[in-house]
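Reader: I'd like to go through this one with you and ask where the labels come from. Can you show me what we're looking at?

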Amino acid sequence: MAASRRSSQPDSSTFERVTKSPDETQAFGEALGRLLQPGDVLAFIGELGSGKTTFIQGVAKGLGVNADLVKSPTFVLMREYPGRIGLNHLDAYRIEGDPSVIWLDLDAVFSPRRVTVIEWSDRVAGCLPEEHLELRLAHKSSQQRTIQVTSRGLRFVSLLAALRESSQLAQDTS
């Protein structure tokens, strides 16, 4: 009985939004970036071209990082960007599962002084900290993206509520 009642109510740990353009995807990322704190980890999941890097460019803007510098680090695995809050950007596309990250300095990747974002995080799920924010991006049309944000841990429940509120305000004014 409780399970059916719970499924009929919105889940406070998950938030979904559809963006209509790359600019809107980036703006949503920027809104999230303004809410982040050093030590936060964002885990991105989505097929090629789903907007992960575009969203991360927005996060970078929100952190005070020059978003024009942010490129997908597929071939170098990780890039670091300075800003009001520094950004570690890891791309796990070429990593073959959790054992393959053993050579990475995970203490540096998950720095308590920087925000860490990981594209293709499902490939290294066992290495993620318990508390993180999971973002699933999917194509809805050629320009539109569905972005599902899920809090993993108490830190991100309140962040998700603030993101939901700021997103609603932005939609109300447009």
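Reader: Among contacts in the chain with a separation of 6 or more, what share comes from residues 24 or more positions apart?

Author: That share is 65%. Keep in mind that this is a predicted model. The chain has five helices and seven strands, and along the sequence they run α-β-α-β-α-β-β-α-β-β-β-α.

Reader: Why is α2 called oblique to α3?

Author: The axes of α2 (residues 22-35) and α3 (residues 52-63) cross at roughly 40°. Roughly parallel needs an angle under 35 degrees, and roughly perpendicular starts at 65, so α2 counts as oblique to α3. The two axes come within 6 Å, and the crossing is right-handed.

Reader: Which residues meet there, and what kinds are they?

Author: From α2 they include Phe28, Gly29 and Leu32, and from α3 they include Phe55, Gly58 and Val59. The residues of that contact divide into six nonpolar, eight polar and three charged.

Reader: What makes serine 50 count as buried or exposed?

Author: Buried means under 20% relative accessible area. Serine 50 has 1% relative accessibility, so it counts as buried. This residue lies in the loop between β2 (41-46) and α3. Across the chain, buried residues make up 46% of the 174 residues.

Reader: How do you know that the side chain of serine 50 has a polar contact with glutamate 47?

Author: A polar atom of that side chain lies 2.8 Å from the backbone oxygen of glutamate 47, and the cut-off is 3.5 Å. Leaving out residues up to four places away in sequence, serine 50 also touches Leu137, Ala138, His139 and Arg145.

Notes
Residues numbered from 1 in each chain as written. Predicted model: local features only at pLDDT ≥ 70, side-chain atom pairs only at ≥ 80, totals over all residues. Heavy atoms only, no water. Axes fitted to C-alpha atoms, helices over the stretch in contact; angles between N-to-C directions. Helix = DSSP H or I, 4+ residues; strand = E, 2+ residues; numbered from the N terminus. Parallel < 35°, antiparallel > 145°, perpendicular 65-115°, else oblique. Left-handed = near helix turned anticlockwise from the far one by under 90°. Contact = heavy atoms within 4.5 Å. Nonpolar A, V, L, I, M, F, W, Y, C, P; charged D, E, K, R; others polar. Buried < 20%, exposed > 50% of the residue type's maximum accessible area, 1.4 Å probe, protein only. Polar contact = N/O pair within 3.5 Å; in protein donor to acceptor, adjacent residues only side chain to side chain.
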